[in-house]
Amino acid sequence: MGRVNFLSSLFSMTDEQAMWRVQTQDDHRAFVELLERWEEPIGRLCARMTGDLHRGEDLKQETFTRVFEKRKSFLPNARFSTWLWRIALNLCHDELRRINRRGESPLDADENATVSGQGDFASETPGPDVQTAEREEGELVRRALLQLPEIYRGVLVLRHYENLKLREIADILEIPEGTVNSRLAEGLAQLTRILEPQFDERRGRSDPARTNEAADGRKRSGSLPVCPDDSSSSARRGLQMKAANL
Amino acid sequence: MNHPKREEWAPYVFGEATPEARHRLADHLQDCPECAAEIAGWRQSLDKLDRWKLPRMAARPAQGPPPLLKWGVAAALVLGAGVGLGRWSAPAVDLNALQNRIEASVKSSLAVDRQQRLAADLQSALSITDGQLTNDFRTQLDSALAGAVNRSTVETQRQLGEFIQAVNRAREEDRQITFSWIEKIQKQHAADYLSLRNDLETVASLTEEEIRRARQSLNRLAAIQSNNEP
């Protein structure tokens, strides 16, 4: 009976209650509970921020290690999720800085580490052609996001993929909500400048009737200053190579 | 045309604008093809973001043991530590008590064993000689059997009684020792108290004597002084 009560209380406790147990009693069960609740969102965030699944997995583990190490500094009136997202984002920033210093480009990460549209979505995909096309588009998006400055990528990932409210993002980043809004606007504008011509080109290739339209789109986007021409052409080269392999 | 500020569009696109802002911005989009094109482009980009799908995170890379095993190992370690601690912190065994307990249980089991063997022997003897034995003899045997059973019961009871007596004796002894100790301590206290009192009395009488003498010499001094004055 006592055991059942204990289990049900464990299931119904809030993140903050669980964190309190971790903080005051080093309660491993409460920590595992938090881990199970949050490991997937945190893993996704880290993978999207670094554009690399393996790195994302490592960063996720590092995040939870950090949470346990810093458990005493969690403030009792703070929100656990805000604290957790902040720790994970900071670790991502550190990792990206290390990558930049080493001169590596996450754009060229091992293809297995960047797979998209595989695994659990297999059942939804009607055929190998469509599957390949979706994977290629996913790869374009991954690269486009990595080309964005980190501050824009961070807010976009939190808002779009993790569905956090603007207020929450402001709390995590410890910036005014207006700054979150302007970062999102700028991020979306830059993303559109990168993605629009690439997707237009793909469609133009697969649908000859629309080639002229796509060319117009390219011309239009060519006049915009922010589009990094070399990187979009390298993405295109990557696609062409993939097409050749098929 | 006055375009809204760029950051105003973010809450609008993500569905978090206030109703007032939503109406104002929607109205603006109807009249401004430039902004309409830009916002349409943003919305398309958001759709495109969904093309980048991640495999489910739960499918972990095959590194290290599976979590269940990890927790199992952890549980085993904790359990082992607990058992070790328990054994280490267990109270020391009272050898005498253990010996007594074992003796008593061996004795009682021996008595039962003896009873059973006797009964079995008699039963077999009975079955062999059944035909030849008279009723008389049988009743004699029965009474002998009953007597044996009684005797052994009495024996067990006697042993039990002895055991209880021994325990009581030991307890009594303990009590006496404790009493004698208490008595001794009390006597010691009384003696200490007496000698202390004697000492105090001596000091008091000595002090009194001393004061008396001092008073006398003072008187004498006063007398001498009064003699010298005239």
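Helix 5 of chain A and helix 8 of chain A cross in a right-handed sense. The contact between the two is made by T82(A), W85(A), R86(A) and L89(A) on the helix 5 side, and by E168(A), D171(A) and I172(A) on the helix 8 side.

For helix 5 and helix 8 of chain A, the angle is about 60° and the axes are 9 Å apart. The two helices are therefore oblique to each other.

## Helix 5 against helix 3

Helix 5 of chain A also packs with helix 3 (residues 28-50) of chain A, at an angle of about 30° and with the axes 10 Å apart. Angles under 35 degrees count as roughly parallel, and helix 3 and helix 5 of chain A are therefore roughly parallel to each other. Their crossing is right-handed.

## The nonpolar core

The largest nonpolar core has 51 residues. Within this core, C46(A), L84(A) and A88(A) have the most contacts. Helix 5 (residues 80-102) of chain A gives the core its largest share, nine residues.

Leaving aside residues up to four places away in sequence, C46(A) touches R55(A), G56(A), L59(A), K60(A), A88(A) and C92(A).

## Two loop residues with positive phi

Most residues other than glycine have a negative phi. Here are two that go the other way. N163(A) has a phi near 60° and lies in the loop between helix 7 (150-161) and helix 8 (166-173) of chain A.

E174(A) is not a glycine either, yet its phi is positive, about 55°. Its place is in the loop between helix 8 and helix 9 (177-206) of chain A. With 8 C-beta neighbours inside 10 Å, E174(A) also counts as exposed.

Chain B has six helices and zero strands. Of its 230 residues, 5% count as buried. Among contacts in chain B between residues at least 6 apart in sequence, 54% join residues at least 24 apart.

Between the chains, 34 residues of chain A are in contact with 23 residues of chain B. On the chain A side, helix 3, helix 4 (53-69), helix 6 (128-147), helix 7 and helix 9 each supply at least two residues. The largest share of that side, 11 residues, comes from helix 9 of chain A.

## Where to be careful

Chain A averages a pLDDT of 79, and 70% of the residues score at least 70. Over residues 117-125 of chain A, pLDDT stays under 50, and the model has 14 contacts beyond four places in sequence for them. Residues 209-246 of chain A also have a pLDDT below 50, with 34 contacts in the model beyond near neighbours in sequence. Where pLDDT is low, the predicted coordinates should not be read in detail.

Technical notes:
Residues numbered from 1 in each chain as written. Chains lettered and ligands numbered in written order. Predicted model: local features only at pLDDT ≥ 70, side-chain atom pairs only at ≥ 80, totals over all residues. Core = buried A, V, L, I, M, F, W, Y, C linked by C-beta atoms within 7 Å. Buried ≥ 20, exposed ≤ 12 C-beta atoms within 10 Å, placed from the backbone. Helix = DSSP H or I, 4+ residues; strand = E, 2+ residues; numbered from the N terminus. Contact = placed C-beta atoms within 7 Å. pLDDT = per-residue confidence, 0-100. Axes fitted to C-alpha atoms, helices over the stretch in contact; angles between N-to-C directions. Parallel < 35°, antiparallel > 145°, perpendicular 65-115°, else oblique. Left-handed = near helix turned anticlockwise from the far one by under 90°.
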